[in-house]
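Here is a set of questions and answers on one protein model.

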Amino acid sequence: MTKLVCIHGHFYQPPRENPWLEEVELQDSAYPYHDWNSRVTAECYGPNTASRIMTDGMSIIDIVNNYSRISFNFGPTLLAWLQRHELHVYEAILDADKLSRERFSGHGSALAQVYNHLIMPLANSRDKRTQVAWGIEDFRSRFKREPEGMWLAETAVDIETLELLSEYNIKFTILAPHQAKRIRKTGGEDWLDVSPAKINSRLAYLCRLPSGRSINLFFYDGPISQEVAFSKLLNQGENFAHRLFSSIPSDKAEGELAHIATDGETYGHHHRFGDMALSYCLYYLEANKLAKVTVYGEYLEQYPVVWEVEIHENSSWSCSHGVERWRKDCGCNSGTHGGWNQLWRAPLRGAMDWLRDNLVHIFEEHSHGLLKDPWAARDTYIKVIFDRSKENVDGFMQAHSSKELSPDEKIKVLKLLEMQRYSLLMYTSCGWFFDEISGLETVQVMAYAARAMQLAKEISSVSLEDAYKGLLERAPSNIPEFKNGSFSYERFIQPQVLGLLRVGVHYAVSSLFSEQPQLTKLYVYKVTPLAYALSESGKQRMAVGRVRLCSEITWEEDEVSFAVLHLGDHNVVGGARSFRGDDAFEQLRQGLNEAFSKGETPEVLRLIDSNFSSHSYSLWHLFKDEQRRVLSQILESNRKEAENSFRQIYAHQYPFLQAFENMGIPLPEHLRAVLTFILNSDLRAIMEKSDFDAVRLEKLSLDAKKFSLKIEKEEIEFLASLKINRAVEELFRSEARDFVLLESIISFIKALEVFSLDLNLWGAQNIYFSFMKKYLAEADKKNLSDQDPEGKWHDNFVQLGDCLKTRVN
């Protein structure tokens, strides 16, 4: 009898986009990557698209797309980010679903997910419906088929949610074993209690619903899933495979399915090389004919469901108290902060519920006379989120408006629907999952609430913020200086809030440090420069101009005039205001130019203050990425001055330093600091250059060893990996054989060995393997000897494989 195995991965990151920019800003905690999405993509999402099946640690049997061989779901907001920033990974995920349909009898490996990972049992009926509708439509738009299954955030479930899934023709979902209450044979009368977690997870179950509908449920194997996620089962793919197929008794193999479910990030991010353990596990199972790998849709087609089940409502996979983790201090937390509590969860949930209900009132009141059915419009608004082209938005308006809308009314409708989008995003589960209200994920959901309140005020002139902050005062922080949720809101959220004026001043300040006047887009804002003049006097620079700005999200637009003055270093002052006509702008421009040309800085400052008194800005009002870039640019001259001074000390004192080393005397710390600075500066420069200076690299390695200097390992590893991956890609981009580049890459990698770097050469290894496989398959010995009579290319090519720790089996 054939044993069946299915592995499900739930791939998800909380939406991290700045609500006003629709992009993820710089996250220092993800260093050396820009943000956590980028880091996890490099460690997990990317590697699983091309995972190596290896024999002896170097020889590759094959490179496979893991997503085509497992069951998986991706959060829609994560897929949207991947589509914008990691297109090759995104396309490989979509391709995997196509491949899986060929492998699994027409059934795709991808599942849909409720849209932004909110806890369904805690949502009201309208929000539940929209989450399901948006999740399905997003899936349909990307994978070009109807979803068979849908993942519920944290597997949190109630009967109303299952009714909705069934109504939307979802065939199945996956739950934890402890979420099953009792079972019986289909058509039978006697129920068997399977609490707690005593259900046979190797079968599918039918859940009959009060409406007369039904849905299939799979309960994953809890112990094995826990071992994969939190133990060392992924240390060896062969052990992983044995653990799976041995979980099915041989006398009960027919129709029984060994299946597990974990966070997808387990395979590479939480457990390094977890993707390779996964790919080898699946390979081992099939190569040794131990089990057939399948997915849930194929299983349901081939094996009729003969058991019924009832569930524990308001339960989830990550809270032993049901769904209390997302509304109370139930005791569930990360376990990393002893003595902390989560008393803030209930007040935060209450604040969000209060805000949602007030936003509902504004939505219904102000959509009256504009939309035929406001809630039906919201349920289909995902089509606009997916495609914000003017043609698509106009089509949406035409389908849902109750009359011909004016341009201002279209803006109002878009603001109303965006307000509702953020009222959903502010319930993203991660906001309650962790330990502290001032944490990154909780601050993010409060930012979504702030954007919703801003839109509500623009629509209705009703300000909800003070009352919302009042409710947050009841949410205590574990960090004394952060006091409560209101304090965190004021500290972390209010400085983020922006309108078109703030976008205008960002454009203006940035223009002092770059060729910004040519910019035509700033995040989700279209930029049309109308007038711009830059004046310089010594270290001071002044820009005066006006620009037309338009939001691609709400279509709101404004013409903004601005003036900014850079006094040197980080000292920038400026202002922006809505354009008041040509005469007022010309008067402002002339006054500022006259004062600046005379060197009358106090008069320039006075004019800026008097003309923009209520809308004054500085360098600190730049968006985070640009702020960091500008500060780095300002500090660069200081860094160069310091580097020049250190290099002089290095050059003058080098013989003296060698004497210290020869006599075995430890270097004075101030001299060691100089050497360490120079070493890392030179390493950084080598990594950032286009050529390969292996000779200089070897000299630096000798100094590092001689004087026991520490390199900035994480950054150098990142830069070196990037350099090598790009070089190998360039090497195989064309059919021409670049011997010089090939030898340079080999020499460079060898020179790096002394630094004991942990390089991520996944990209280079995959390119090398694919080319070598093709090379060996297509070329016979005669052709090889004709084309490469001295064997130079072949030998170096094999040597490169050794350097990349990659051999083709």
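Predicted model: local features only at pLDDT ≥ 70, side-chain atom pairs only at ≥ 80, totals over all residues.

Reader: How many aromatic pairs does the structure hold?
Author: Rings of Phe, Tyr and Trp (its six-membered ring) pair if their centres lie within 6.5 Å; planes under 30 degrees apart count as stacked, over 60 as edge-to-face and the rest as tilted. By that rule the number of aromatic pairs in the structure is 39.

Reader: Where in the chain do Phe11 and Tyr67 lie, and how many residues apart?
Author: Helices (H or I, at least four residues) and strands (E, at least two) are DSSP runs, numbered from the N terminus. Phe11 is in strand S1 (residues 4-11), and Tyr67 is in the loop between strand S3 (59-64) and strand S4 (71-74). The pair links distant parts of the chain, and the separation is 56 residues.

Reader: Is Phe11 buried or exposed?
Author: Buried means under 20% relative accessible area, exposed over 50%, and partly exposed in between (1.4 Å probe, protein chains only). Phe11 has a relative accessible area of 0%, so it is buried.

Reader: Which residues form one aromatic cluster with Phe11?
Author: The cluster takes in Tyr67, the partner of Phe11 in the edge-to-face pair. Along with Phe11, its members are Tyr45, Tyr67, Phe72 and Phe74.

Reader: At what distance from the ring centre does Arg349 lie over the face of Trp432?
Author: A charge sits over a ring if NZ of Lys or CZ of Arg is within 6 Å of the ring centre and within 35 degrees of the ring normal. Arg546 lies over the face of Phe585, at 5.8 Å from the ring centre. For Arg349 over Trp432 the distance is 4.3 Å.

Reader: What is the volume of the largest pocket?
Author: On a 1 Å grid over the protein atoms alone, a cavity is a set of points where a 1.4 Å probe fits but cannot get out, and a pocket is an open set with protein on both sides within 12 Å along at least five of seven lines; lining residues have an atom within 4 Å of a point. Grid points are joined across faces, edges and corners, and a volume is the space filled by probe spheres set on the points. For the largest pocket the volume is about 1,500 Å³.

Reader: Which element gives the most to the lining of the largest pocket?
Author: The lining has 48 residues, and Asn725, Leu759, Asn760, Leu761 and Trp762 are the closest to the pocket centre. Elements that give two or more residues include helix H1 (36-45), helix H25 (713-731) and helix H27 (762-778). With eight residues, the element that gives the most is H25.

Reader: Which element gives the largest share of the lining of the second largest pocket?
Author: The second largest pocket has a volume of about 1,300 Å³. Its lining has 38 residues, with Glu154, Asp263, His270, Phe433 and Phe434 nearest the centre. Among the elements that give two or more residues are H1 and helix H6 (222-230). The largest share, four residues, comes from H6.

Reader: What is omega for the cis peptide bond that joins Tyr31 and Pro32?
Author: Pro32 is found in the loop between S1 and H1. The peptide bond from Ser195 to Pro196 is also cis, with omega near -10 degrees. For Tyr31 and Pro32, omega is about 10 degrees.

Reader: What is phi of Lys483?
Author: Lys483 is found in the loop between helix H17 (465-472) and helix H18 (485-493). At a relative accessible area of 54%, Lys483 is exposed. Although Lys483 is not a glycine, its phi is positive, at about 60 degrees.

Reader: Which residues does Pro15 touch?
Author: Pro15 is found in the loop between S1 and H1, and at 5% relative accessibility it counts as buried. Contact means heavy atoms within 4.5 Å. Not counting residues up to four places away in sequence, Pro15 touches Thr77, Leu425, Thr428, Gln444 and Tyr448.

Technical notes. Residues numbered from 1 in each chain as written. Heavy atoms only, no water.
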